[in-house]
Amino acid sequence: MSDFYSILDRWVDNDEKSKVLTQLCVYKAGKGHFGRIESKDLIDKPLDYWRLFGSQTPELQGLAVKVFSQATSASACESNWSTYEYIFSKRRNLLSTQRL
């Protein structure tokens, strides 16, 4: 839940935070549209789920759509590992100042 609060601090204005937290209680309790049987069918498609069933909680819906619209990528991780591999490769470690 601490990750949620860090996202909340980063992406939501101070005056909307209390609304989002109140609406989070509605979501967690399964009230309104969140309690509908049809909502369970889209639980594996979070962006569609929030667009269809989040209308009663507009601030929370906006935050959820922002979060689930983010592209996921491993390119930053791959770049870090590539740099690490270059620095700590066996071939590079075998080089001495005389061999350069």
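A residue counts as buried under 20% relative accessible area, as exposed over 50%, and as partly exposed in between (1.4 Å probe, protein chains only). The model shown in these views is predicted, so local features need pLDDT of at least 70 and side-chain atom pairs count only at pLDDT 80 or more, whereas totals for chains, interfaces and linings use all residues. Residues are numbered from 1 along each chain as its sequence is written, and side-chain values use heavy atoms, with hydrogens and water left out.

**View 1. Thr-57 in the loop between α3 and α4.**
Is Thr-57 buried or exposed? At 1% relative accessibility, Thr-57 is buried. Contact here means heavy atoms within 4.5 Å. Neighbours within four places in sequence aside, Thr-57 has contacts with Gln-23, Val-26, Phe-34 and Trp-50.

**View 2. The protein chain, with 6 helices and 0 strands.**
Helices (H or I, at least four residues) and strands (E, at least two) are DSSP runs, numbered from the N terminus. Along the sequence the pattern reads α-α-α-α-α-α. The protein chain has 100 residues, of which 20% count as buried. Among contacts between residues at least 6 apart in sequence, 32% join residues at least 24 apart.

**View 3. The largest nonpolar core, a set of 14 residues.**
A nonpolar core is a set of buried Ala, Val, Leu, Ile, Met, Phe, Trp, Tyr and Cys residues joined through side-chain atoms within 4.5 Å. The members that touch the most other members are Phe-4, Leu-8, Val-20, Tyr-49, Trp-50 and Leu-63. At least two residues of this core come from each of α1 (2-11), α2 (14-29), α3 (46-53) and α4 (58-68). Helix α4 gives the most, with 4 residues. Phe-4 is in contact with Val-20, Leu-21, Leu-24 and Leu-63, leaving aside its neighbours within four places in sequence.

**View 4. The buried residues of α4.**
Which residues of α4 are buried? They are Leu-60, Gln-61, Leu-63, Ala-64 and Val-65. What covers them includes α1, α2 and α3. An α-helix has 3.6 residues a turn, so residues three or four places apart point the same way. Gln-61 lies in α4 and has a relative accessible area of 18%, so this residue is buried. Residues up to four places away in sequence not counted, Gln-61 touches Trp-50, Arg-51, Gly-54 and Ser-55.

**View 5. The largest pocket, with about 280 Å³ of space.**
On a 1 Å grid over the protein atoms alone, a pocket is an open set of points where a 1.4 Å probe fits, with protein on both sides within 12 Å along at least five of seven lines; its lining residues have an atom within 4 Å of a point. Grid points are joined across faces, edges and corners, and the volume is the space filled by probe spheres set on the points. The lining has 13 residues, and Phe-4, Leu-24, Trp-50, Leu-60 and Phe-68 lie nearest the centre of the pocket. Helices α1, α2 and α4 each supply at least two lining residues, and α4 gives the most, with 5 residues. By class, 11 of the lining residues are nonpolar, none is polar and 2 are charged. In this count Ala, Val, Leu, Ile, Met, Phe, Trp, Tyr, Cys and Pro are nonpolar, Asp, Glu, Lys and Arg are charged, and the others, Gly among them, are polar.

**View 6. The salt bridge between Lys-17 and Asp-9.**
A salt bridge is a side-chain nitrogen of Lys or Arg within 4 Å of a carboxyl oxygen of Asp or Glu. Side chains of opposite charge can pair when their charged atoms come close. The structure holds 2 salt bridges. In the one between Lys-17 and Asp-9, the closest N and O atoms are 2.9 Å apart. Lys-17 has 16% relative accessibility and therefore counts as buried.

**View 7. The salt bridge between Glu-38 and Arg-36.**
The closest N and O atoms of Glu-38 and Arg-36 are 3.0 Å apart. Glu-38 is partly exposed, at a relative accessible area of 41%. Arg-36 is partly exposed as well, at 40%. Arg-36 has its place in the loop between α2 and α3. The C-alpha atoms of Arg-36 and Phe-53 are separated by 8.9 Å, and these residues are 17 residues apart along the chain.
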